[in-house]
Amino acid sequence: MTLEEEILRRRTFAIVSHPDAGKTTITEKFLWYGGAIREAGHVRAKSGKKFTTSDWMKIEQQRGISVSSSVLSFPYGGCQINLVDTPGHQDFSEDTYRALTAVDSALVLMDSAKGVETQTLKLMEVCRLRKTPITVFMNKMDRDALTPIELMDQVEHVLGVKCAPRTLPIGNGKAFQGVYSFIDDSVHLFQPDSDTGEGEIRKVTGIDDPKLDEWFDAKYLAEFREQAELAMGAMDPFDREKYLRGEQAPVFFGSGIANFGVKHLLDNFVDVAPSPMPREAKERTVQAVEPRFTGFVFKIQANTDPKHRDRIAFVRICSGKFLRGERVTHVRTGRQVRLAAPTAMMANDRAVLEEAYAGDIIGIHDPGLYNISDTLSESEALAFQGIPDFAPEHFSKVYLEDPLRSKQLQQGLRQLSEEGATQLFYPINGPIPVLGVVGVLQFEVLKFRLEEEYGARCRFEGASIYQARWLAGDEREIAAFRGEHSFDLATDKKGNLVYLCPNEFRLQTVEKNYPGLRFEKFHTE
Ligand code: G4P
């Protein structure tokens, strides 16, 4: 296979969902279809526990897939699928957001009874910012669900993406009978007692085909036809160009647990989802199929062994091919580094990864050199546009317990914030630094690491801050704002001005009073 063919067959994506929407269930079905696990249900059969980072590592023993805590790779339909993990539940953190900067598209998974939920909304903001193409799967149709129009209306109004239904359900809950596919005008019958949940697929001439009246219950068929007519009247047909621009999402309905609609989703996803997209560097746009290797660091994982400071840097390859042992330039420092892939993190049958292509994610040994957003390049000095900082939602002030360890604390805080494990803010009117994170459990990890790795025992105290927003806009208004709100202002690690706003009401007020200012949720250098 040529370099270009290898690259064009990659599909790198993430699943965006709220906890419990069915991400684990669907992931496992994908792996099953990809031939990566022998039985659907295998992955979960671990005391019904949630599927968290550590579980990804356990699946490593299964043949044919490479698993790291960051990506699941498996072949499907002639493509190489890279499913990048978006940690949810207790693991929710900046890494969850950053994972979305490493993908070319996303699958938004919704619980059809609940509609859009908070975590989906937060993650979708990142997709919108990057204009990531998204596909929507309405899961749990075997349970009582909102109507398709209600669900798609939420996607359009709350998530801000137009919908193009590719399938629509006939009935739901106990009366779920199947889906109508607009892709090839066929009906897929739901057979919950069959092995895969998939029953027969029957071709029809359109939604008014009289054969449908023979096969389906009149009440649910009438509801389906009404919903289909509404959808066709209000929504544009699927347009791949709009999808690739992140403006329109193809929508599918099904049941992950019954394995119904999942293959249809995967087949169509592989068909329309983008191969590795071009990436913007400061100097120019880099095409994935360019022969020279380039990539950027989107995640740094501390070693789980506290005796070693070593870390793993996860790199998304943007162009060309990675060869194990190759020398590339670390652009920020100008240093030459040798890329050795860690065995344990990127194992395929426990063998070290020998080569990888644009679209793939590799884990490389980090002796403390890498920062989030760093670029690696085989020849040209390029810098990919940085990964934004994401407005944290939980805040703590840090007090040192042993005054003699002040230097260690400063060093620890600086390194942990460089690594992207936390954001550090220095109030302009006070000496005590404020830590900000997006997932509350990060505080426990930080406290532990400051003590274990840097010997700085400290106490965290909650700070009464609602949200952090970067200030941008009119210089004179910034100066006026600074005069009036200095007690709630801080600088971030790069010296940018950040408003640590005390409550939601105050944020709304200042947004109204300072129309020339932007209070940004994302900040890119
Ligand atoms: P998550 O990773 O997004 O958090 O979701 P997960 O797949 O763990 O699914 C959450 C719960 O929803 C699980 O039930 C799972 O079985 C159920 N579920 C997933 N897809 C469907 C579906 O299509 N229909 C129905 N009815 N349920 C679905 P649980 O009781 O929390 O766990 P378990 O006892 O099944 O292990």
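**Stop one: a tucked-away asparagine**

Select N139 and A21: the side chain of N139 reaches the backbone oxygen of A21 at 2.8 Å. Keep in mind that you're looking at a predicted model. Is N139 buried or exposed? It's buried, since its relative accessible area is 3%, and the cut-off for buried is under 20%. To see who surrounds N139, show the residues it touches, among them G22, I26, L109, D111, S112 and G254.

**Stop two: a pair of helices**

Next, select residues 148-159 for helix α6 and residues 218-234 for helix α8. Their axes come within 9 Å and cross at roughly 30 degrees. Angles under 35 degrees count as roughly parallel, so that's the word for α6 and α8. Which residues meet here? Show P148, I149 and M152 in α6, then Q227, L230 and A231 in α8. Sort this contact by class and you get 5 nonpolar residues, 1 polar and no charged ones.

**Stop three: an open sheet**

Last, bring up the open sheet of 8 strands, with antiparallel pairing, and trace it in the order β28-β25-β27-β26-β30-β31-β29-β32. Which strands stand at the edges? They are β28 (458-462) and β32 (517-520); each has a single partner strand, so one side of each has no neighbour in the sheet. From one strand to the next, the twist averages 40 degrees. Zoom in on β26 (residues 423-427) and β30 (residues 489-491), an antiparallel pair joined over 2 bridges. Click P427, then find its bridge partner in β30, A490.

Note on methods. Residues numbered from 1 in each chain as written. Predicted model: local features only at pLDDT ≥ 70, side-chain atom pairs only at ≥ 80, totals over all residues. Heavy atoms only, no water. Axes fitted to C-alpha atoms, helices over the stretch in contact; angles between N-to-C directions. Helix = DSSP H or I, 4+ residues; strand = E, 2+ residues; numbered from the N terminus. Parallel < 35°, antiparallel > 145°, perpendicular 65-115°, else oblique. Contact = heavy atoms within 4.5 Å. Nonpolar A, V, L, I, M, F, W, Y, C, P; charged D, E, K, R; others polar. Pairing = 2+ DSSP bridges. Buried < 20%, exposed > 50% of the residue type's maximum accessible area, 1.4 Å probe, protein only. Polar contact = N/O pair within 3.5 Å; in protein donor to acceptor, adjacent residues only side chain to side chain. Lists of a residue's contacts leave out its neighbours within four places in sequence.
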